[in-house]
Each structure stands twice: as C-alpha cells, then as structure tokens.
Amino acid sequence: MAGRRSRDRSITPELLLRAYSIGMFPMSESADDPELFWVEPDIRGIIPLDDFHVSKNLQKAIRKAPFDIRFDTAFDQVVAKCAEAADDRPSTWINQTIRDLYSALHRLGHAHSVEAWEGDELVGGLYGVTLGSAYFGESMFSRRTNASKICLVHLVERLRERGFTLLDTQFTTEHLKTFGAVDIPKAEYGVLLDRAMESETLRF
C-alpha cells in the first residue's frame, strides 16, 4: 500500500475522480487528522458481480423485509453514521475533509448511498463513488442486525440491473469474503478498471 500526504485544500472533487480512474483513493489516519493521503494497494479487494453470494440465512432475513431500503435520500447522514465510533469500530478514517469531498461528489452525481430505514430512523447503509461502469465502495454501517448486509445485497442488484462491471471494495474482510469478495493483484485490477473507465458513467 502506497501513500502520499496532501493538505485538505489541494484535493478537489475533480481530482478525486481522476484518482479513482487510475486506481487511487484518499484516506486519513483518523477522524481528527486534518490531512489525507493517497492509497494505491498492491492487492485490491473486489466483489465479482456475477459471483455474488448470499447465505440462506440472509436470504431468509431479506424475505421478511425488515427495512425500507432507499437510495440517495440521506447521503450525508450515511457518511456521518459511517464516521461514528461503534462497538466494533472505535475509530474511523473518515474526517471532515472526506465528508465534504464526498458530499460534493454526491451533488455532482458521482457518489451514492444505499440506506436501511426503520420507520423514520436510519439504521444501516453504505456509500461509494460511481465512475464509468465502476462502483467504488467506501464504507458501511449497521445499527440493526443485517442492516448493512441487506443494503449490500440491494446495491449489487442495482449494479447488475444498470450494467455496472466492477464493484471495488478497496480491501477484503472476512465479512466481505462471505459475499464472494476476493483479493486480486494491482495489475489484474488495472485491467478491470481500464475496461470500466471505457464506459460513460452509468446511471445509478
């Protein structure tokens, strides 16, 4: 993993999209760190859209429709929830600069959220960036059992329907591997990314 620090004001939404198009993305050391650094992993995590796996238990939970699933109705709230500390995540890399940048991308039509609602309460969600035929997943949160998992299932269904070809998870976790996430070398990822960038940005 490579990184180069950059002051907040040097990164614009346009530069951020350019970075995604060549395989890089920004992070911060912590929510309190005002600086960002560029990351370009040697091993990249993706979920192959044609090999997405949903466990029988999760399928059963989805059939009960425990949440109202919405798209792009509370993008900034989703990012804010992802930035919050939780029992399984005492700190995050999402600082205010990241929140501002991705909010700007959302307004430009390049960042999107999937949300799980329980009545008027946002209880789970995820967000990411769209460019070409790629969706670059950024973060997810869950305040109810299966909330973020169900959002991921709905994300994949939507990406398939709209013709997306690449779902980038940046890194893999044991959680994501249960859905079919795999690690691939940077060179192999570059081929998939180049193909995705050949497309006009698809409608999410």
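Is lysine 186 buried, exposed or partly exposed, and what is its relative accessible area? I found lysine 186 partly exposed, at 36% (buried is under 20% relative accessible area, exposed over 50%, partly exposed in between, with a 1.4 Å probe and protein chains only).

**Entry: the model.** I noted that this is a predicted model, in which local features need pLDDT of at least 70, side-chain atom pairs count only at pLDDT 80 or more, and totals for chains, interfaces and linings use all residues. Residues are numbered from 1 along each chain as its sequence is written, and side-chain values use heavy atoms, with hydrogens and water left out.

**Entry: salt bridges.** I looked up salt bridges (a side-chain nitrogen of Lys or Arg within 4 Å of a carboxyl oxygen of Asp or Glu). The count by this rule is seven.

**Entry: lysine 186.** I found its side chain in a salt bridge with that of aspartate 42, at 3.6 Å from N to O. Lysine 186 belongs to helix H7 and aspartate 42 to the loop between strands E3 and E4, 144 residues apart (helices, H or I, of at least four residues and strands, E, of at least two are DSSP runs numbered from the N terminus). Aspartate 42 is partly exposed, at 46%.

**Entry: arginine 44.** I found a salt bridge from arginine 44 to aspartate 168, at 2.8 Å from N to O. The pair links strand E4 with strand E9, across 124 residues. Arginine 44 is buried at 2%, and aspartate 168 is buried at 1%.

**Entry: arginine 144.** I found arginine 144 and glutamate 118 in a salt bridge of 2.9 Å, N to O. Arginine 144 is partly exposed at 29%, and glutamate 118 is partly exposed at 35%. Salt bridges with shared partners join Glu118, Glu121 and Arg144 into one network.
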